[in-house]
Amino acid sequence: MIYSLVRPLLFCLDPETAHRLTLGGLRSLGRLGLIPAAAPAPVECERTVMGIRFPNPVGLAAGLDKNGEYIDALARLGFGFIEIGTVTPRPQPGNPRPRVFRLPAARAVINRLGFNNLGVDRLVENVKRARYRGVLGINIGKNFDTPLERAADDYVACLRKVYPVAGYVTVNISSPNTQDLRRLQGAAELDALLSTLKAEQRALAGRHGRAVPLAVKIAPDLDRAQIEAIAASLRKHAVDAVIATNTTVEREVVAGLPHGREAGGLSGAPLAARATSVVRELAQALGGTLPVIGAGGIMTGAGAREKVAVGASLVQLYTGLIYRGPALIRECVAALCGDAAAP
């Protein structure tokens with residue numbers, strides 16, 4: 001209710017300014033005790049995925065809290081898990097502004113942020129300061145000026161830094177806003193990257209005495225043959241999970257709308273059908289050998305239920321929160337957990 005009153009004011013602001021004010025306000029209210037913690041989901045909501053117990057299957061997607069600055073505030077909203085990042089080894093400013101555009105008529109957002117973040121060392125410091133003890137995913141990427149043939153070095157550097165503080169680590173090879181990054185989804189490139197990262201994961205598990213699962217986040221702009229090739233590589237290297245999907249570069253649905261032709265990744269309602277299709281095809285290709293986390297265009301509880309129906313074990317939200325606010329979290333938990341979880 002409160003968010004529905006505030007949203008028109010936020011939508012009058014530049015999207016990045018509104019984003020910063022919203023998260024800053026949420027953190028301040030939380031510190032003052034003015035945001036009551038969400039009621040725990042019933043036991044029926046628990047899911048065990050990647051060997052991790054999730055108190056409910058509805059998580060926050062990477063991108064909203066890139067530097068891990070708002071973990072405790074976000075934790076009060078009722079997520080079953082939180083994913084922060086994408087983080088890179090070195091700080092970088094991202095692409096020039098303006099770089100985020102709302103398309104309210106389509107309940108969508110286009111962004112070309114370009115992995116803007118304060119670097120992995122700052123993120124790790126923020127995680128260590130947070131009081132949150134739930135499931136925390138950390139999404140890692142490469143710096144924009146690292147040549148693609150050296151991309152594995154950046155992912156390994158990030159993996160080593162975040163491993164001690166992460167519940168799981170996501171390898172982002174699917175953002176459309178870092179030049180050539182999606183080439184890492186190619187068969188040869190993905191095989192080489194996963195071979196390196198899995199070897200590092202095993203070494204880190206021995207060093208730290210605990211196994212931190214490794215997930216890979218893929219794009220929606222893939223055909224069936226590409227999805228099957230990715231699935232084969234994920235199985236071959238015993239990756240722990242796959243997140244489907246990132247944003248899309250397709251524009252057909254929003255072409256006639258203001259900002260509809262802006263460069264970047266499109267998220268929100270127009271992505272839903274394609275993301276669900278990728279989840280379905282990926283789950284079929286994997287045959288249950290590893291879990292799929294469904295993301296992309298979830299704007300309602302029914303949308304979350306649709307992702308699970310075609311093979312997702314967990315779901316993640318982002319753009320839907322911009323249009324619906326925290327009520328979307330409760331709605332999705334209720335939709336996936338039955339009447340016992342209804343508010």
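Rings of Phe, Tyr and Trp count as a pair if their centres lie within 6.5 Å. Keep that cut-off in mind for the tour of this predicted model.

**Stop 1: the aromatic pairs.** How many aromatic pairs does a search of the whole structure find? The search finds three. Select Phe 54 and Phe 81. Their rings form an edge-to-face pair, with centres 5.0 Å apart and 80° between the planes. Now colour by strand. Phe 54 belongs to strand S2 (residues 52–54), and Phe 81 to strand S4 (residues 81–87). The two residues are 27 residues apart, so the pair links distant parts of the chain.

Ring pairs join Phe 54, Phe 81 and Tyr 168 into a cluster.

**Stop 2: the ring of Phe 11.** Select Phe 11, then show Arg 7 and Arg 102. Arg 7 lies over the face of Phe 11, at 5.0 Å from the ring centre. The charged end of Arg 102 sits over the ring of Phe 11 too, 4.5 Å from its centre.

**Stop 3: helix H8.** Select residues 272–286, the 15 residues of H8. Next, show side chains. Buried residues in H8 include Ala 272, Val 278, Val 279, Glu 281, Leu 282 and Leu 286. Finish on Gly 287, which follows H8 and has a positive phi, near 60°.

Note on methods:
Residues numbered from 1 in each chain as written. Predicted model: local features only at pLDDT ≥ 70, side-chain atom pairs only at ≥ 80, totals over all residues. Heavy atoms only, no water. Helix = DSSP H or I, 4+ residues; strand = E, 2+ residues; numbered from the N terminus. Expected span 1.5 Å × (residues − 1). Buried < 20%, exposed > 50% of the residue type's maximum accessible area, 1.4 Å probe, protein only. Phe/Tyr/Trp six-rings, centres within 6.5 Å; stacked < 30°, edge-to-face > 60°. Lys NZ or Arg CZ within 6 Å of the ring centre and 35° of its normal.
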